[in-house]
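Subject: Structure handover

Hello,

Please find the structure below. My notes on what was found in it follow.

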Amino acid sequence: MTARLDFNQADFEPQFAALLDSKRESDQDVADIVASILARVRNEGDAALLDLTAQFDHFQQDNVAALAISKAEMQSALDELDPTLRAALVTACDRIRAFHEKQVPDGFGGLDDDGVALAMRYTPVDAAGLYVPGGKAAYPSSVLMNAIPAAVAGVERRVMVVPAPDGYVNPLVLAAAALADVTEVWRIGGAQAVAALAYGTQSIAPVDKIVGPGNAFVATAKRQVFGTVGIDSIAGPSEILVIADAQNDPEWIAADLLSQAEHDEAAQSIMITDDADFADAVDAAVAAMLPRLDRVAVASQSWADNGAIITVPDMAKMPELANRIAAEHLELALDDPEKWAGDIRHAGAIFLGRYTPEAIGDYVAGPNHVLPTARTAKFSSGLGVVDFMKRTTLVGCDAASFAKIAPAGVKLANAEGLGAHALSMTIRMTKPV
Ligand SMILES: NC(=O)c1ccc[n+]([C@@H]2O[C@H](COP(=O)([O-])OP(=O)(O)OC[C@H]3O[C@@H](n4cnc5c(N)ncnc54)[C@H](O)[C@@H]3O)[C@@H](O)[C@H]2O)c1
Ligand SMILES: N[C@H](CO)Cc1c[nH]c[nH+]1
Ligand SMILES: [Zn+2]
């Protein structure tokens, strides 16, 4: 049974607060396990990586070099791909690349009113780690979502890690890596892969930034290595918030809720509706659909443990709740979805109207599906080209422009009691070359 919350009930607020608080990647036990895995890889390098890969992925190897996948293996996976599957991958690739090419920032530069040359430019990081999940499902789509923006940004070393449970990596994942031009692939996953990318080991050179989605252990590991390396966002177990009125087919909405529940027992699917009978109909449709899914066990547990159906007296109450949920994905299965979207301030991605299920965004719409979870959409965004870049500012004064602005700088330096700062400016006015 999934949770049912009614906005009009006296106990709504504590129930809603508990729902918001129930994300697995925020749990202390996960944080403790991850901290010890990170420490082991940092201290012991390759040996710990081999040991943890054997423990968590049941993949035993004697040396880390054996965990690498060559360019030739990736290419042959692509060459041997079923042509219709290859065509689908190419469609996804083309649409994702087109959307991300629009994101390349320009920077700017020129002389300001005082004659000072000012500019801002964007440069890519040298090396990016691309986490592709693979514990419970294979994610060729996540290869594309990670690797394409990295390549568009101009990152030279694009290092993919993917867990290989029992030593197996789905060939479609390798084919996607070839198509998206990944430069290095390692069959490692979980917090130990994040640690190897962040700290480096004897065999794996460290990267500057780690991006990509994963389960609670991966998301927590990224949070903990931040500072040693950059990260994109906390992209943990999937979430969907569906806003639906009674005009919808309950089965369509049930399928949308289950599309994210089937990712992980820790995934979260929530619906808000203004119609109690429709809420009952969706609940029944989910129950009827669940046994027909291949991933019935995962989806059932997710729906029972973390799912919820919320009824509101009218849709005007919806935006405030949606903004507090700050979901990774938000579907507006309503008339005039653009109008409602204007009231949504916090969501990783918004899907407009009854014909835009979230799943279209997972694969082929074009925007990235690596998105912030666990309420972090309140302050962070989905993966994009700028995540692989840094900004550098440039300033250039000549004698005339320097003389115009330096006196204010000298005044402030003296006020801060920083005499050498003041001197480095006054010296240029009193002792010009
Ligand atoms: N937010 C996003 O943008 C987004 C996108 C795609 C997928 N996802 C999410 O990615 C996740 C994929 O999860 P997955 O499990 O299939 O693959 P995964 O690669 O994220 O995790 C598998 C790894 O987790 C580690 N692990 C598992 N149980 C552990 C334990 N008890 N202790 C320590 N480590 C442990 C293992 O090292 C294993 O290799 C799902 O939660 C899915 O919802 C999120
Ligand atoms: N919905 C996931 C992001 O939370 C992405 C994905 C990949 N494949 C299917 N779905
Ligand atoms: Zn999905």
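To start with one residue: Tyr-131 counts as buried, with 31 C-beta neighbours inside 10 Å. Buried here means that 20 or more other C-beta atoms lie within 10 Å of the residue's own, exposed means 12 or fewer, and partly exposed is in between, with C-beta atoms placed from the backbone.

Some conventions first. This is a predicted model, in which local features need pLDDT of at least 70 and side-chain atom pairs count only at pLDDT 80 or more, while totals for chains, interfaces and linings use all residues. Residues are numbered from 1 along each chain as its sequence is written, and chains are lettered from A and ligands numbered from 1 in the order in which they are written.

**Positions annotated as binding site**

Tyr-131 sits in strand S5 (residues 127-131); helices (H or I, at least four residues) and strands (E, at least two) are DSSP runs, numbered from the N terminus. Not counting residues up to four places away in sequence, Tyr-131 touches Val-161, Ala-193, Val-194, Ile-210, Val-211, Gly-212, Pro-213, Gly-214 and Val-218. Contact means that the C-beta atoms of two residues, placed from the backbone, lie within 7 Å.

An unreviewed UniProt entry lists Tyr-131, Gln-192 and Asn-215 under "binding site". They span 85 residues in sequence, yet no two of their C-alpha atoms are more than 12.9 Å apart, so they gather at one spot. UniProt positions are given in the numbering used here, feature names are shortened, and annotations may be inferred rather than shown by experiment.

Gln-192 belongs to helix H8 (residues 190-199) and is buried, with 28 other C-beta atoms within 10 Å. Its contacts, leaving aside neighbours within four places in sequence, are Ile-37, Val-41, Leu-49, Leu-52 and Thr-53.

**Domains**

The domain assignment of the protein chain gives domain 1 (3-23 + 237-365), domain 2 (28-106 + 124-232) and domain 3 (397-430). Such bounds come from an automatic or database domain assignment. Between the C-alpha centres of domain 1 and domain 2 there are 30 Å. Eight residues of domain 1 are in contact with seven residues of domain 2. On the domain 1 side, the touching residues are six nonpolar, no polar and two charged. In this scheme Ala, Val, Leu, Ile, Met, Phe, Trp, Tyr, Cys and Pro count as nonpolar, Asp, Glu, Lys and Arg as charged, and the others, Gly among them, as polar.

**The two ligands**

Ligand 1 is surrounded by 32 residues, the closest being Gly-135, Gly-189, Gly-190, Pro-213 and Gly-214. A residue is near a molecule or strand if its C-beta atom, placed from the backbone, lies within 6 Å of it. Domain 1 and domain 2 both give residues to this shell, so ligand 1 lies between them. Helix H3 (46-57), H8 and helix H9 (216-225) each supply at least two of the shell residues. By class, the shell has 16 nonpolar, 12 polar and four charged residues.

Around ligand 2 are Tyr-139, Ser-141, Ser-142, Pro-213, Ser-238, Gln-260, Glu-328, Asp-362 and His-369. Two of the residues in this shell are nonpolar, five polar and two charged. Domain 1 and domain 2 each contribute at least three residues to the shell around ligand 2.

**Positions annotated as active site**

The unreviewed UniProt entry places "active site" on Glu-328 and His-329. Glu-328 lies in the loop between helix H13 (318-325) and strand S13 (329-333), whereas His-329 is in S13 itself. Glu-328 is buried, with 31 other C-beta atoms within 10 Å; His-329 is buried as well, with 28. Beyond four places in sequence, the contacts of Glu-328 include Ser-238, Glu-239 and Leu-371, and those of His-329 include Glu-239, Gln-260 and Leu-371.

In the largest nonpolar core, which has 124 residues, Ala-147, Met-160, Val-173, Ala-177 and Val-194 touch the most other members. A nonpolar core is a set of buried Ala, Val, Leu, Ile, Met, Phe, Trp, Tyr and Cys residues joined through C-beta atoms within 7 Å. Helix H6 (residues 140-153) gives the most to this core, with nine residues.

Eight of the nine residues of helix H7 (residues 171-179) are buried, so H7 is largely enclosed by the rest of the structure. Its cover includes helix H4 (71-79), helix H5 (83-101) and H6. Just after H7, Asp-181 takes a positive phi of about 60°.

Regards
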